[in-house]
Amino acid sequence: MKHVDVSYFDGLENHLNTDSKLVKWLKTGVETRGTHMSSNTKENLGQLLQELLDEDRRQYMPADQYTIPKIREELIDFKDFNFELSIIQELMYFQEYLKPKFDLSEFADWYQERRINIEEEGYDFIPEVTQYFQKLPIPKSLAKYVTEINQDGGNDIYFNLLHFHDGEGDGFDIESTEDAKHFPNLKKVTLCYAKADTKEQFKTLGIEVIEF
């Protein structure tokens, strides 16, 4: 009896009872399928299963889910990318003005130029993900909603950019407060990633600084 163990593939079990391309393919090659089964499945079969799973997930997403939108209004021109990330955290994850709310796993399923393997690549910055945030347009009209910045090592923005981030290092440090000029209502910043002189710059601007 031919069978395949699907316990290795994250989320695959949920697809076994649907009339998906994956299940149709499995029916042509195996007699039983499920989790926690002994398996002699070869590596190339496992790769094909993962590709079919990715395709299954992708079909439930809009084709333009993570296509960078063209915004016909004035945009904020950031000088410090890490300052911008703190603003994205506020506007995308806390207040939900920026959409879609970026999810790394979903982005990896959606992306078709190559297969993004989060388990292998998540210990470093994934170029396509970094590029997405670098190109993400932030309208000036949203600046009025930013009254504070709350940095935390567990923020969604850091988890999605550097999946296995341990909270250490200076890769997310804000080095300049120049971009604060775009946010007239910014009154308080809670910082765990910022240079010492940057904190003093915030204070000089009359912005309350809380060190995390």
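## Ground rules

Since the model is predicted, local features need pLDDT of at least 70 and side-chain atom pairs count only at pLDDT 80 or more, while totals for chains, interfaces and linings use all residues. Residue numbers start from 1 along each chain as its sequence is written, and side-chain values use heavy atoms, with hydrogens and water left out.

## The overall layout

The chain has eight helices and five strands. Both come from DSSP runs, numbered from the N terminus: H or I with at least four residues for helices, E with at least two for strands. Reading from the N terminus, the order is β-α-β-α-α-α-α-α-β-α-β-α-β.

Of the 212 residues, 43% count as buried. Here buried means under 20% relative accessible area, exposed means over 50%, and partly exposed sits in between (1.4 Å probe, protein chains only). Take the contacts between residues at least 6 apart in sequence, and 72% of them join residues at least 24 apart; a contact is heavy atoms within 4.5 Å.

## Where α3 crosses α6

Helices α3 (81–94) and α6 (residues 127–135) have axes that come within 10 Å and cross at roughly 80 degrees. The axes are lines fitted to C-alpha atoms, for helices over the stretch in contact, with angles from 0 to 180 degrees between N-to-C directions.

On the α3 side, the contact uses Phe81, Glu84, Leu85, Ile88, Met92 and Tyr93, which meet Thr130, Phe133 and Gln134 of α6. By class, that gives six nonpolar, two polar and one charged residues. Nonpolar covers Ala, Val, Leu, Ile, Met, Phe, Trp, Tyr, Cys and Pro; charged covers Asp, Glu, Lys and Arg; the others, Gly among them, are polar.

## Rings around Phe133

Searching the whole structure turns up 21 aromatic pairs. Rings of Phe, Tyr and Trp (its six-membered ring) pair if their centres lie within 6.5 Å; planes under 30 degrees apart are stacked, over 60 edge-to-face, and the rest tilted. Phe102 and Phe133 make a tilted pair, at 4.8 Å centre to centre with 55 degrees between the planes. The two sit 31 residues apart, Phe102 in the loop between α3 and α4 (104–110) and Phe133 in helix α6, so the pair links distant parts of the chain.

Phe102 counts as buried because its relative accessibility is 2%, and Phe133 is buried too, at 0%. Both belong to a cluster linked by ring pairs, together with Tyr66, Phe107, Trp110, Tyr111 and Tyr132.

In α8 (residues 196–204), the buried residues are Thr198, Lys199 and Phe202. They share one side of α8 because they cover an arc of only 100 degrees around the axis, taken from the directions from the helix axis to the C-beta atoms. Ala196 and Thr204, on the other side, are exposed.

The buried residues of α8 pack against α3, β4 (188–191) and β5 (208–211). Just after the helix, Gly206 has a positive phi of about 80 degrees.

Gln89 lies in helix α3 and counts as buried at 1% relative accessibility. Leaving aside neighbours within four places in sequence, Gln89 is in contact with Phe94, Asn155, Asp156 and Ile157.

Pro69, in the loop between α2 (43–58) and α3, is partly exposed at 39% relative accessible area. The C-alpha atoms of Pro69 and Pro137 are separated by 7.6 Å, with the two residues 68 apart along the chain.
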